[in-house]
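Let's take a look at the disulfides and pockets of this one. Have the chain open alongside as you read.

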Amino acid sequence: MARPAAGRRQRLGPGPLLRLLLLLGVLLLRGAAAAARAEPCQAPRQWEGRTVFYEHGSGRNTRAAVTYDGPNQRLRILEERKALIPCKKFFEYILLYKDAVMFQIEQVTKLCSKIALTEPWDPYDIPANSTYEDQYYIGGPGDEVMVQEWSDRKPARKLESWVGVYTVKDCYPVQETYTKNYSVTTSTRFFDIHPGIADPSVFTPPSTCQTAQLTRMKDEC
């Protein structure tokens with residue numbers, strides 16, 4: 001049997017574990033490079049669409065048609081009446097943040113409540129100081145949409161209080177989730193979005209709001 005020449009060693013290729021570690025290292029470096037290059041996209045400033053707002057504490061889903069006016073800090077929410085629910089009221093909400101006021105209009109009777117807005121304007125966009133989290137496709141083969149996930153997570157804080165998912169193309173909102181005290185509080189899904197506002201008059205309260213009450217109406221009898 002032939003023997004290796006003196007002073008020479010057999011060259012062995014990297015084992016499966018080493019190759020796996022090298023591959024993981026390359027993927028991590030690529031992911032870090034992509035995160036370093038990622039910049040928040042500019043979301044549309046005016047649009048109309050539909051949303052599903054989910055309150056995790058109550059377990060309630062609210063479906064609504066939404067008109068969003070970022071430059072003027074206005075939001076109109078029209079709750080959708082999907083089915084006849086006994087003793088259930090449906091409302092239209094007109095939120096005028098520059099005037100710090102919200103109008104709540106009962107859709108059938110047009111009764112109106114005028115309520116002070118105490119929370120600041122929170123636009124549907126990705127803040128400039130957001131942290132890039134991930135990029136991926138939603139949907140299946142041949143019918144997928146690429147999205148990016150951003151949050152307000154900072155290096156000094158492990159957990160985030162806001163996570164937003166926006167499409168890479170055109171930067172439309174897909175989902176936003178808010179957390180507080182380490183638990184999810186609300187999440188909103190967006191769909192059927194169209195750019196622009198077809199009828200700006202939807203932000204004008206009806207005449208019944210001239211004699212509006214100052215307390216919020218309940219959505220049940």
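The link of Cys112 and Cys209 is right-handed, with 95 degrees about the S-S bond. Cys112 sits in strand 6 (residues 112-116) and Cys209 in the segment after strand 11, so to speak distant parts of the chain, 97 residues apart. This is a predicted model, where local features need pLDDT of at least 70 and side-chain atom pairs count only at pLDDT 80 or more, while totals for chains, interfaces and linings use all residues. Residues are numbered from 1 along each chain as its sequence is written, and side-chain values use heavy atoms, with hydrogens and water left out.

Helices (H or I, at least four residues) and strands (E, at least two) are DSSP runs, numbered from the N terminus. A disulfide here is a pair of cysteine sulfur atoms within 2.5 Å, and the whole structure has two of them. In the Cys112 and Cys209 pair, the sulfur atoms are 2.1 Å apart. Cys112 counts as buried at 5% relative accessibility, and Cys209 does too, at 9%; buried means under 20% relative accessible area, exposed over 50% and partly exposed in between (1.4 Å probe, protein chains only).

On to Cys41 and Cys171, whose sulfur atoms are 2.0 Å apart. The torsion about their S-S bond is about 70 degrees, so this disulfide is right-handed. Cys41 lies in the loop between helix 1 (16-37) and strand 1, and Cys171 in the loop between strand 9 (162-167) and strand 10, so the pair ties together parts 130 residues apart in sequence. Both Cys41 and Cys171 are buried.

Now for the pockets. On a 1 Å grid over the protein atoms alone, a pocket is an open set of points where a 1.4 Å probe fits, with protein on both sides within 12 Å along at least five of seven lines; lining residues have an atom within 4 Å of a point. Grid points are joined across faces, edges and corners, and a volume is the space filled by probe spheres set on the points.

| Largest | about 1200 Å³ | 35 residues |

Closest to the centre of the largest pocket are Phe53, Ile77, Leu95, Tyr97 and Glu119. Strand 2 gives the most to this lining, with five residues; strand 1 (46-55) and strand 11 (183-195) are among the elements that give two or more. The lining divides into 18 nonpolar, eight polar and nine charged residues, where Ala, Val, Leu, Ile, Met, Phe, Trp, Tyr, Cys and Pro count as nonpolar, Asp, Glu, Lys and Arg as charged, and the others, Gly among them, as polar.

Strand 2 gives the largest share of the lining here, four residues. By class, that lining has three nonpolar, two polar and six charged residues.
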